[in-house]
Amino acid sequence: MSRRLVLSASTALAAAALIVGCGAMGASGGNPMSFFITSTNPGKGGDLAGADRYCQSLAVSVGAGNKTWHAYLSNAALNGQPAVNARDRIGNGPWRNAKGVVIATSVADLHSANAKVGRDTSLTEKGEVVSGFGDEVNRHDILTGSRSDGTLAVPDPGKDTTCGNWTKSDSGSAIVGHHDHKGTNPDPVANASWNSSHGTRGCSIDQLKQSGSAGLMYCFATN
């Protein structure tokens, strides 16, 4: 299956609704950035249709549109389409933030204790720090739908870990990580995980806010 998740019309609303045509949007930009957290949600909470395209558009806005960008999101198997792991969608690395700091040198490095994903390094496309636990506004819950190794957080029967494969903006739930490695999760390992800490209370903007999320995503350049 193509890592770009270019799907048929019959499945576009499901697992890969989030991925809609993500070739490089123009050749503009010499920005060396290859990793960022989105500064805002596209506007529909956990409904992230066209997530790759959204990452691309934000990259273009700061002169990094000469790369191909993918959202770090896992998808569950649905309608005959296999599950997709976030770690398999982001290229091989290395990845640098907007300040040029190397976040990780490879996929394996990114999912190891050596990764430099943190509050001061996981910057937005604008080079801004995302507020976290203890700040006046907490936005540290970053949507991933993943386990700590970057594979799909497989839901229990009747449960949800991906806001309905990123098509829901109301009910449902999604796994998030703490970009600042801080929070109230009683599991110390999960609490400090940048990509797999806990599920959200829902998929609407307001429900995401209740658990410290603004519906933000990690974006990685695949080339």
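Author: A helix here is a DSSP run of H or I, at least four residues long, and helices are numbered from the N terminus. The model is a predicted one.

Start with Leu110. Leu110 sits in helix α2, residues 107-110. Is Leu110 buried or exposed? Buried means under 20% relative accessible area. Leu110 has 0%, so it counts as buried. What does Leu110 touch, leaving out residues up to four places away in sequence? The list is Tyr72, Ile90, Trp95, Ile103, Ala104, Ala115, Val117, Trp194 and Phe220. Pro94 is 16 residues from Leu110 along the chain, and their C-alpha atoms are 9.1 Å apart.

Now turn to helix α1. This helix covers residues 51-61. Its buried residues are Ala51, Asp52, Tyr54, Cys55, Gln56, Leu58 and Ala59. An α-helix has 3.6 residues a turn, so residues three or four places apart point the same way. What covers the buried residues of α1? The cover includes β1 (35-37), β2 (69-71) and β8 (213-221). Just after α1 comes Gly63, with a positive phi of about 80°.

Next, the core. In soluble globular proteins, nonpolar side chains tend to be buried together. The largest nonpolar core in this model has 22 residues. Phe36, Leu48, Trp69, Leu73, Leu143, Trp166 and Met217 have the most contacts inside it. At least two residues each come from α1, β2, α3 (163-166) and β8. The largest share is that of α1, with five residues.

Beyond residues up to four places away in sequence, Met217 touches Phe36, Ile37, Thr38, Pro42, Leu48, Ala51, Tyr54, Ala71, Leu73, Ile142 and Leu143.

Thr38 lies in the loop between β1 and α1. Its relative accessible area is 0%, so Thr38 is buried. A polar atom of the Thr38 side chain lies 3.3 Å from the backbone oxygen of Thr40. With residues up to four places away in sequence set aside, Thr38 touches Tyr54, Leu58, Glu125, Leu216, Met217 and Cys219. Two of these, Tyr54 and Leu58, are buried residues of α1.

Technical notes. Residues numbered from 1 in each chain as written. Predicted model: local features only at pLDDT ≥ 70, side-chain atom pairs only at ≥ 80, totals over all residues. Heavy atoms only, no water. Buried < 20%, exposed > 50% of the residue type's maximum accessible area, 1.4 Å probe, protein only. Contact = heavy atoms within 4.5 Å. Core = buried A, V, L, I, M, F, W, Y, C linked by side-chain atoms within 4.5 Å. Polar contact = N/O pair within 3.5 Å; in protein donor to acceptor, adjacent residues only side chain to side chain.
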